[in-house]
Amino acid sequence: MKLSLCINSTDESEDADSNTNSDYPYINKIAGVLEDELTKFYPISKNYELAEISITFMKPEEIRTLNHEYRDVDEATDVLSFPMDINESENMPVLLLGDIVICPDEVERLHPELESQEAMCLMIAHSFLHLIGYDHDTEEKQIEMWKIQDAIKNRMLEAIR
């Protein structure tokens with residue numbers, strides 16, 4: 001199974017055609033790590049030749065609107081995850097896992113102790129786990145999810161360095 005990460009930006013100042021995966025030099029290495037993790041933690045992925053995750057970068061005011069609309073929290077946040085309903089992918093050749101929305105400004109503001117690459121890998125690892133069904137709504141689940149997300153983050157960092 002191959003995992004495809006589709007990168008988008010809502011920045012209108014950029015040429016829409018310039019928002020391709022080639023603009024993100026490490027994306028294939030990150031996809032490789034997530035691909036390995038996907039088959040480990042999400043067995044249904046083995047039924048597909050291709051899986052896909054969309055990653056969109058947004059400005060604080062845009063992610064604040066999404067956060068308010070979907071979580072009823074009227075503030076900007078660093079990352080949001082929108083998992084797809086697995087039933088929607090049943091009759092498709094591609095396993096559509098869902099969307100990750102990242103606000104780089106908020107990532108920087110909320111995680112000043114982390115260097116940029118580490119913070120982005122953390123956001124992707126965290127959201128990836130949400131897309132495949134993990135949550136941190138209890139202390140027990142949080143401990144498990146944090147442990148797995150840190151391992152994934154570290155694998156991604158190792159792959160891109």
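Predicted model: local features only at pLDDT ≥ 70, side-chain atom pairs only at ≥ 80, totals over all residues.
User: Let's start with helix 1 and helix 5. At what angle do they pack, and how far apart are their axes?

Analyst: Helix 1 covers residues 27-41 and helix 5 covers residues 116-131. They pack at an angle of about 30°, and their axes are 12 Å apart. Helix 1 is therefore roughly parallel to helix 5.

User: Is that crossing right-handed or left-handed?

Analyst: The crossing of helix 1 and helix 5 is right-handed.

User: Which residues make the contact?

Analyst: Helix 1 contributes Ile30, Leu34, Glu37 and Leu38, while helix 5 contributes Cys121, Ile124 and Phe128. By class, this contact of helix 1 with helix 5 has six nonpolar residues, one charged residue and no polar ones.

User: Now helix 5 and helix 6. What is the angle there?

Analyst: Helix 5 and helix 6 pack at about 130°, with their axes 8 Å apart. That angle makes helix 5 oblique to helix 6. The crossing of these two helices is right-handed.

User: Which residues meet there?

Analyst: On the side of helix 5 they include Cys121, Leu122, Ile124, Ala125, His126 and Phe128. On the side of helix 6 they include Met145, Trp146, Ile148, Gln149, Ile152 and Met156. The contact of helix 5 with helix 6 divides into 13 nonpolar, four polar and three charged residues.

User: And how do helix 1 and helix 6 pack?

Analyst: Their angle is about 145°, and their axes are 8 Å apart. Helix 1 passes helix 6 in a right-handed crossing. From helix 1, the contact takes in Lys29, Ile30, Val33, Leu34, Asp36, Glu37 and Phe41. From helix 6, it takes in Ile148, Ile152, Arg155, Met156, Ala159 and Ile160. Nine of the residues in this contact of helix 1 with helix 6 are nonpolar, four are charged and none is polar.

User: Moving on to the core. How many residues does the largest nonpolar one have?

Analyst: The largest nonpolar core has 40 residues. Those with the most contacts inside this core are Leu5, Leu34, Ile53, Ile55, Leu97, Ile102 and Met156.

User: Which elements supply it?

Analyst: At least two residues of this core come from each of strand 1 (2-9), helix 1, strand 2 (50-57), strand 4 (94-102), helix 5 and helix 6 (139-160). Helix 5 gives the most, with 10 residues.

User: You mentioned Met156. What is it in contact with?

Analyst: Leaving aside neighbours within four places in sequence, Met156 is in contact with Ile30, Val33, Leu34, Cys121, Ile124 and Ala125.

User: What about Val79: buried or exposed?

Analyst: Val79 counts as buried, because its relative accessibility is 12%, and buried means under 20%. Val79 lies in strand 3, which runs over residues 79-83. Beyond its neighbours within four places in sequence, Val79 is in contact with Ile63, Ile100, Val101, Ile102, Met123, His126 and Ser127. The C-alpha atoms of Val79 and Met58 are separated by 9.5 Å, and these residues are 21 residues apart along the chain.

User: His126 is on that list. Where is it placed?

Analyst: His126 is in helix 5. At 14% relative accessibility, His126 counts as buried. Its contacts, leaving aside neighbours within four places in sequence, are with Val79, His136, Met145, Trp146 and Gln149.

User: Switching to loops, what can be said of Asp72?

Analyst: Asp72 is found in the loop between helix 2 (60-71) and strand 3. Its phi is near 60°, a positive value in a residue other than glycine. Asp72 counts as exposed, because its relative accessibility is 63% and exposed means over 50%.

User: And where does Asp74 lie?

Analyst: Asp74 lies in the loop between helix 2 and strand 3. With a relative accessible area of 47%, Asp74 is partly exposed.

User: Which residues does Asp74 touch?

Analyst: Not counting residues up to four places away in sequence, Asp74 touches Arg64 and His68.

Key
Residues numbered from 1 in each chain as written. Heavy atoms only, no water. Axes fitted to C-alpha atoms, helices over the stretch in contact; angles between N-to-C directions. Helix = DSSP H or I, 4+ residues; strand = E, 2+ residues; numbered from the N terminus. Parallel < 35°, antiparallel > 145°, perpendicular 65-115°, else oblique. Left-handed = near helix turned anticlockwise from the far one by under 90°. Contact = heavy atoms within 4.5 Å. Nonpolar A, V, L, I, M, F, W, Y, C, P; charged D, E, K, R; others polar. Core = buried A, V, L, I, M, F, W, Y, C linked by side-chain atoms within 4.5 Å. Buried < 20%, exposed > 50% of the residue type's maximum accessible area, 1.4 Å probe, protein only.
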